[in-house]
Amino acid sequence: MKQNIGILNAMIRIVCGLTMLAMLTAKYTRKPWKGSYVFMMILAAMKVAEGILRYCPVTEMVKQGTELKDMDLNDITKEGNPINPS
């Protein structure tokens, strides 16, 4: 897994993720019957993990989509399928 976000972006993701996680944990302790807090805590934890690993799957998909959009139609027929399923 190749790192695709910078160090500053990673630090921002870690700080914002931990802030959101702390805020949502405090709200969840007051209203534990709300399932939406658990879902948002999972999303906040994912942001922390992205910052630690310095890899964002959404950024990778956008990058691949841009490369496919810029690819010429003649290149696709010459090279075969541009997306490797394996």
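These questions and answers work through a predicted model of one protein chain.

Q: What makes up the secondary structure of the protein chain?
A: The protein chain has four helices and zero strands. From the N terminus on, the order is α-α-α-α.

Q: Why is E50 called buried?
A: Buried means under 20% relative accessible area. E50 has 10% relative accessibility, so E50 counts as buried. The residue sits in helix α2.

Q: Why is R13 called buried?
A: The cut-off is again under 20%. R13 comes to 14% relative accessibility, and therefore counts as buried. R13 lies in helix α1.

Q: What makes R13 and E50 a salt bridge?
A: A salt bridge needs a side-chain nitrogen of Lys or Arg within 4 Å of a carboxyl oxygen of Asp or Glu. The closest N and O atoms of R13 and E50 are 2.6 Å apart, and the pair forms a salt bridge. This pair links distant parts of the chain: R13 is in helix α1, E50 is in helix α2, and 37 residues separate them. R13 and E50 are both buried.

Q: How do you know that the side chains of R13 and E50 also make a polar contact?
A: The limit for a pair of N or O atoms is 3.5 Å. The side chains of R13 and E50 are joined at 2.6 Å, as a polar contact.

Q: What makes E50 and K47 a salt bridge?
A: The limit is 4 Å. The closest N and O atoms of E50 and K47 are 3.0 Å apart, and a salt bridge is formed. A polar contact of 3.0 Å also joins their side chains.

Q: Why are E50 and K47 separated by about one helical turn?
A: E50 and K47 are three residues apart in helix α2, so about one helical turn separates them. Salt bridges with shared partners join R13, K47 and E50 into one network. The structure holds two salt bridges.

Q: Why is K47 called partly exposed?
A: Partly exposed lies between the buried limit of under 20% and the exposed limit of over 50%. K47 has 33% relative accessibility, so K47 counts as partly exposed.

Q: Which residues are in contact with E50, leaving aside its neighbours within four places in sequence?
A: Contact means heavy atoms within 4.5 Å. With those neighbours left aside, E50 is in contact with I5, R13, Y55, C56 and P57. For R13, with neighbours within four places in sequence left aside, the contacts are I5, K47, V48, E50, G51, C56 and T59.

Q: How do you know that the count of disulfides is zero?
A: A disulfide needs a pair of cysteine sulfur atoms within 2.5 Å. By this rule the count is zero.

Q: Why is K2 called exposed?
A: Exposed means over 50%. K2 has 67% relative accessibility, so K2 counts as exposed. K2 is in the segment before α1 (7–30).

Q: What makes up the nonpolar surface patch?
A: V38, F39, M40, I42, L43 and M46 make a patch of about 520 Å². Membership needs over 30% relative accessible area. L43 has 37% relative accessibility, so L43 counts as partly exposed. L43 belongs to helix α2 (residues 35–53).

Q: Where is R54, and why is R54 partly exposed?
A: R54 is found in the loop between α2 and α3 (57–70). Its relative accessible area is 24%, so R54 is partly exposed. R54 has a positive phi of about 60°, although R54 is not a glycine.

Q: How many residues does the protein chain have, and what share is buried?
A: The protein chain has 86 residues, and 14% are buried. Its accessible surface comes to about 6800 Å², with 67% belonging to carbon and sulfur atoms. Among contacts between residues at least 6 apart in sequence, 64% join residues at least 24 apart.

Definitions and conventions
Residues numbered from 1 in each chain as written. Predicted model: local features only at pLDDT ≥ 70, side-chain atom pairs only at ≥ 80, totals over all residues. Heavy atoms only, no water. Patch = residues over 30% accessible without salt bridge, like charges linked within 9 Å, V, L, I, M, F, W, Y side chains within 5 Å. Areas by Shrake-Rupley, 256 points an atom, 1.4 Å probe, with all protein chains shown as cover. Helix = DSSP H or I, 4+ residues; strand = E, 2+ residues; numbered from the N terminus. Buried < 20%, exposed > 50% of the residue type's maximum accessible area, 1.4 Å probe, protein only. Polar contact = N/O pair within 3.5 Å; in protein donor to acceptor, adjacent residues only side chain to side chain.
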